[in-house]
Amino acid sequence: MTEPLVVARDLVKHFPLSGGALLRSRQVVHAVDGVSFEIASGETLGLVGESGSGKSTLARLVTRLLEPTGGQVLYDGQDITHWSARRLRPLRRELQMVFQDPYSSLNPRRTVGAIVGEPLRVQGIGTRAERRRRVRELLGVVGLNPEHYNRYPHEFSGGQRQRIGIARALITSPRLLVADEPVSALDVSIQAQTLNLLEDLQEQLGLTYFFIAHDLNVVRHVSDRVAVMYLGKLVELSPADELETKPIHPYTEALLSAVPVVDGAHDPRERIVLRGDPPNPAAPPPACRFHTRCRYATEICRTVEPPLVDHGNGHLAACHYPLNVSSPAIALAASSVAA
Amino acid sequence: MALLEIEDLRVRFDTRDGVVKAVDGVSLTLDRGRTLGIVGESGSGKSVTALTVMGLTRLPNATVEGRVLLDGVDLLRLPGDDLRRIRGKRVAIVFQDPLSSLHPLYRVGKQIVEAIQAHEDISERAARARALEALREVGIPSPEDRLASYPHELSGGMRQRVMIAMALVLDPEILIADEPTTALDVTVQAQVLELIAELQREHGTAVVLITHDLGVIAETADEVDVMYAGRIVERGSLRSVLDGPEHPYTWGLLQSLPGATRGRRLHPIAGSPPSLIAVPAGCPFHPRCPYAFSPCSEVVPPLVESEPGHANACHLPAATKREIGLGLRTGRAAA
């Protein structure tokens with residue numbers, strides 16, 4: 001197997017919660033709490049989770065927009081965990097991000113040409129004329145009219161603005177694109193256009209994607225493997241096609257059953273409605289963080305944190321009562337808990 | 001007689017950029033105890049239709065034509081005072097964003113009490129008891145404490161429950177829910193949709209559910225109206241629309257939905273929705289429609305029944321539409 005492009009090892013990010021001026025609270029939010037995974041070159045790793053799961057923080061750790069509190073980030077074999085902004089700068093060409101909101105991630109006072117060309121300017125790549133040519137080329141690649149070089153963001157629709165954001169991310173010919181909710185602000189038909197575009201670009205440019213979204217359907221559609229996060233922890237990591245047929249973690253099972261589907265209404269599945277709200281990430285439940293909402297939880301779930309166990313075929317889950325697995329795997333899980 | 005009947009509703013707004021035709025000839029009916037799903041993308045006119053029913057488009061720059069009959073009474077022609085007696089009491093609405101619908105500086109209990117007292121001559125104490133009961137009914141834990149909470153102290157899902165409690169506390173005949181779960185996480189969405197369905201069963205409320213999400217429609221609605229550029233382009237029972245869709249826009253929506261299969265190519269609708277200031281002549285969908293032919297750019301197709309209870313507004317021959325629609329269904333089942 002080739003060297004993975006990205007390795008995250010036991011990544012931790014804590015944010016201090018600033019209390020009032022007098023009460024200097026020591027409380028911290030454990031936004032990401034010991035997450036490990038790899039992204040192979042050319043693959044799409046999807047990451048799904050609800051608000052407060054830490055998925056956006058994880059994206060920013062991988063792209064080193066944030067510095068981890070603990071653990072390691074390896075990019076192309078180099079440990080970039082604590083690199084300075086200056087040292088990271090050349091790497092920024094290879095490692096780009098696309099954000100959710102096509103409205104607030106584009107400077108309204110700059111032309112599209114200036115926005116898309118900005119990374120080249122910052123990186124000091126090419127002459128003005130060369131940069132201009134490259135911007136026009138990229139506008140064409142993402143399906144925008146290169147003649148719209150001098151227009152401003154407000155002259156474009158939401159879907160077109162997201163294309164501008166994608167063009168900006170691609171202009172330095174990156175290898176890794178981290179997309180944080182890239183289509184969730186878009187209408188269904190525009191969302192589909194954008195997903196197709198991302199797929200085409202991956203094929204043409206050999207890109208590696210880390211694709212983050214709250215929409216399980218979208219994530220499953222684009223990903224080779226899907227990671228599921230709950231309250232700062234990875235609870236399951238699955239080949240995309242196995243996630244629906246054999247979810248292992250009860251949270252994944254609940255998530256799948258909560259997604260409204262157009263064609264499922266014929267044979268109403270058992271709908272698992274989770275009790276209660278997601279807990280406060282600043283005070284997550286002990287041991288298994290899902291136990292407060294889990295219908296299978298017993299005493300062990302409240303006292304012993306389940307490790308992330310490989311149940312075969314690269315399908316990992318962190319649960320004391322794994323679903324859809326054969327008994328040897330359960331025994332394995334149990335023995336590793338005991339160890 | 002239907003509980004709510006909208007006849008040829010047209011809503012236009014005069015803006016600096018021109019006249020926005022937000023709703024352009026919408027007719028629909030809602031029967032007691034039923035759930036009507038209205039699905040469409042941004043700018044389809046689905047929200048403006050709902051706001052107009054509530055009398056919330058009575059603005060200086062708005063022109064409203066047509067009729068909105070509640071039990072035979074035209075709400076569009078009611079004086080403001082009479083309308084206020086109906087709004088909230090007989091027809092209630094829940095919006096997408098509960099944080100901006102609730103007043104940030106008043107306690108939740110006070111806001112529900114005010115909503116009750118706006119319509120009923122009832123003591124503060126009795127109103128509080130009703131508010132408490134309503135919070136309990138929508139499944140808010142320790143409702144006594146929550147009466148004293150400010151909106152920012154509640155989670156998004158809890159806020160939306162408060163909005164639903166406030167909407168249902170006066171036992172309205174119609175609940176309009178405009179993207180009620182769009183801002184919520186999917187597991188919380190499932191809770192809220194289940195709650196609406198449960199309350200509907202118990203109270204016999206008719207629900208108009210407005211959403212961009214066909215999946216949400218599929219799990220909640222009895223009947224569906226598909227809107228595009230201010231018009232209804234397809235209507236029918238839930239199953240007839242999803243299993244045998246007849247309008248190219250509905251086909252496009254269904255083919256835009258990402259499914260479970262990796263690599264199965266999506267077939268999105270080309271282009272973007274039109275500006276409502278310059279709606280294309282003829283069928284408003286024709287510039288994006290892969291099946292458009294000569295009449296489409298000239299003649300507006302009327303909404304015509306293809307079978308009882310299933311109608312579409314498209315010039316294509318009926319047999320062609322049926323064949324393509326059923327083909328889609330099989331294609332989805334195979335995928």
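Reader: In strand 8 of chain B, which residue is the bridge partner of B:Leu36?

Author: Strands of a sheet pair through backbone hydrogen bonds, either parallel or antiparallel. Here, the bridge partner of B:Leu36 in strand 8 of chain B is B:Val208. Strands are DSSP runs of E with at least two residues, helices are runs of H or I with at least four, and both are numbered from the N terminus. This is a predicted model, where local features need pLDDT of at least 70 and side-chain atom pairs count only at pLDDT 80 or more, while totals for chains, interfaces and linings use all residues. Residues are numbered from 1 along each chain as its sequence is written, with chains lettered from A and ligands numbered from 1 in the order in which they are written.

Reader: In which sense do strand 3 and strand 8 of chain B pair, and over how many bridges?

Author: Two strands pair if DSSP finds at least two bridges between them. Strand 3 (residues 35-39) and strand 8 (residues 206-211) of chain B pair in the parallel sense, over 5 bridges.

Reader: In what order do the 8 strands of the open sheet in chain B stand?

Author: Read across, the order is 6-7-8-3-9-10-12-11, with mixed pairing. Strand 6 (91-94) and strand 11 of chain B have a single partner strand each, so one side of each is left without a neighbour in the sheet.

Reader: What does B:Val208 touch, away from its sequence neighbours?

Author: Contact is about C-beta atoms: placed from the backbone, those of the two residues must lie within 7 Å. Skipping residues up to four places away in sequence, B:Val208 touches B:Leu30, B:Leu36, B:Ile38, B:Ala50, B:Ile174 and B:Ile176.

Reader: Is B:Pro268 buried or exposed?

Author: A residue is buried with 20 or more other C-beta atoms within 10 Å of its own, exposed with 12 or fewer, and partly exposed in between. B:Pro268 has 24 of them within 10 Å, so B:Pro268 is buried. You'll find B:Pro268 in the loop between helix 11 (248-256) and strand 11 (304-307) of chain B. Beyond four places in sequence, the contacts of B:Pro268 include A:Ser189, A:Ala192 and B:Gly252.

Reader: How is chain B divided into domains?

Author: Domain bounds come from an automatic or database domain assignment. Chain B has domain 1 (4-221) and domain 2 (226-257 + 278-334). Between these domains of chain B, 16 residues of domain 1 are in contact with 13 residues of domain 2. On the side of domain 1 that touches domain 2, strand 2 of chain B supplies the largest share, 7 residues.
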